[in-house]
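Please look through the sequence and the model shown here. Some questions and answers follow.

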Amino acid sequence: MFANIGFPGLILILVIALVIFGPKKLPEIGKAAGQTLREFKNSTKDLTSDVTDEINETKEIVKGKENK
């Protein structure tokens, strides 16, 4: 969806955001969006590592039963 915006479209969106929110509020909005994305990324990594750990434990259990 956003892959087709291009550089001119991005500039237009930033100019519209600047007009709507003003120069003082725009950095605050950007900071909040960055923090939200960072938290989402960290949560995704944690969830992925939890699932990977469970899969590895299950594989070890299955290997242990096959060796008996």
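Buried means under 20% relative accessible area, exposed means over 50%, and partly exposed lies in between (1.4 Å probe, protein chains only). This is a predicted model, in which local features need pLDDT of at least 70, side-chain atom pairs count only at pLDDT 80 or more, and totals for chains, interfaces and linings use all residues. Residues are numbered from 1 along each chain as its sequence is written, and side-chain values use heavy atoms, with hydrogens and water left out.

Q: Does Asp46 count as buried, partly exposed or exposed?
A: Asp46 has its place in helix H2, residues 25-67. Helices here are DSSP runs of H or I with at least four residues, and strands are runs of E with at least two, numbered from the N terminus. The relative accessibility of Asp46 is 49%, so this residue counts as partly exposed.

Q: How does Leu12 count by relative accessibility?
A: Leu12 belongs to helix H1, residues 6-21. Its relative accessibility is 51%, so Leu12 counts as exposed.

Q: What separates the C-alpha atoms of Leu12 and Ile61?
A: Along the chain, Leu12 and Ile61 are 49 residues apart.
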